[in-house]
Amino acid sequence: MKIRTAFIGHRDIFNLKLSDKLNKAIREEIEHGCLYFSMGTRGDFDKMALSECRKLRREYKNICIEVVITSLNTIKKASYKR
């Protein structure tokens, strides 16, 4: 069975110390067997989750990071840029 962790959060983050807590939580998930992490693209929390997963992937090479497009508007903007 694949264990997967998904990050769902707010657009704005007012607690700058949250990244340390998030890093610790991700590390705990990895130590409990989670190898798959998913997050969106819309806000500060999504960006922070992606950043912390990327940092930890340097240490834990086998984790997979999936970025999920969370809005039709995001898809439309990406297609206009082509």
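In α1, the buried residues are S19, L22, N23, I26 and I30 (buried means under 20% relative accessible area, exposed over 50%, partly exposed in between, with a 1.4 Å probe and protein chains only). They lie on the same side of α1 because they cover an arc of only 100 degrees around the axis, the arc being that of the directions from the helix axis to the C-beta atoms. The model is predicted: local features need pLDDT of at least 70, side-chain atom pairs count only at pLDDT 80 or more, and totals for chains, interfaces and linings use all residues. Residues are numbered from 1 along each chain as its sequence is written, and side-chain values use heavy atoms, with hydrogens and water left out.

**More on α1**

- On the other side of α1, the exposed residues are D20, K21, K24 and E31.
- The cover over the buried residues of α1 includes β1 (4–7), β2 (36–39) and α2 (44–57).
- Helices (H or I, at least four residues) and strands (E, at least two) are DSSP runs, numbered from the N terminus.
- Helix α1 spans residues 18–31, which is 14 residues, and reaches 20 Å from its first C-alpha to its last. This is close to the 20 Å expected at 1.5 Å a residue, where the expected span is 1.5 Å times one less than the number of residues.

**Confidence**

- The average pLDDT of the chain is 86, and 84% of the residues score at least 70; pLDDT is the predictor's confidence in each residue, from 0 to 100.
- Confidence is highest in β2, at 96, and lowest in helix α3 (residues 72–80), at a mean of 64.

**Salt bridges**

- There are three salt bridges in the structure, each defined as a side-chain nitrogen of Lys or Arg within 4 Å of a carboxyl oxygen of Asp or Glu.
- E66 pairs with R4 in a salt bridge, and their closest N and O atoms are 2.4 Å apart. This pair links distant parts of the chain, with E66 in strand β3 (residues 64–67) and R4 in strand β1, 62 residues apart.
- E59 and R27 form a salt bridge through their side chains (3.1 Å, N to O). E59 lies in the loop between α2 and β3 and R27 in helix α1, so the pair ties together parts 32 residues apart in sequence.
- E52 and K55 also meet in a salt bridge through their side chains (3.1 Å, N to O). They are separated by about one helical turn because they are three residues apart in helix α2.
- E52 is buried at a relative accessible area of 4%, whereas K55 is partly exposed at 40%.

How values were computed
Contact = heavy atoms within 4.5 Å.
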